[in-house]
Amino acid sequence: MIALFTDFGIEGPDTGQVQAVLQQAAPAVPVISLFADLPAGQVKPADYLLAAYAAWFPAGTVLLCVVDPGVGSDR
């Protein structure tokens, strides 16, 4: 299983695009969107929630986490 854990937000195509790519790369692996609305760019709350929820997933689960505090900046 792959669990998505992101700050992409529930509006827009980002989560769906990631799910489509994962479906192409690993069609036999179930993908769930655990969170798409983590506080944008806030690493500390995401870290806390990830630790709290990770224990509920079976061994072998891939937790794909994206929280980017630099989105929209002049990197």
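These legends describe close-up views of a predicted model. Local features need pLDDT of at least 70, side-chain atom pairs count only at pLDDT 80 or more, and totals for chains, interfaces and linings use all residues. Residues are numbered from 1 along each chain as its sequence is written, and side-chain values use heavy atoms, without hydrogens and water.

**View 1. Phe5 and Phe35 form an aromatic pair.** The whole structure holds 2 aromatic pairs (Phe, Tyr or six-membered Trp ring centres within 6.5 Å; planes under 30 degrees apart are stacked, over 60 edge-to-face, the rest tilted). The centres of Phe5 and Phe35 lie 5.4 Å apart with planes at 85°, so this pair is edge-to-face. Phe5 sits in strand β1 (residues 2–6) and Phe35 in strand β2 (residues 31–35), so the pair ties together parts 30 residues apart in sequence. Strands (E, at least two residues) and helices (H or I, at least four) are DSSP runs, numbered from the N terminus.

View 2. Tyr53 belongs to helix α2 (residues 43–54), 18 residues from Phe35. Tyr53 has 34% relative accessibility, so it counts as partly exposed. Phe5, Phe35 and Tyr53 form one aromatic cluster.

**View 3. Three strands form an open, parallel sheet.** The order is β2-β1-β3; strands pair if DSSP finds at least two bridges between them. β2 and β3 (62–66) are at the edges, each with a single partner strand, so one side of each lacks a neighbour in the sheet. β1 and β2 pair over 4 bridges.

Definitions and conventions
Buried means under 20% relative accessible area, exposed over 50%, partly exposed in between (1.4 Å probe, protein chains only).
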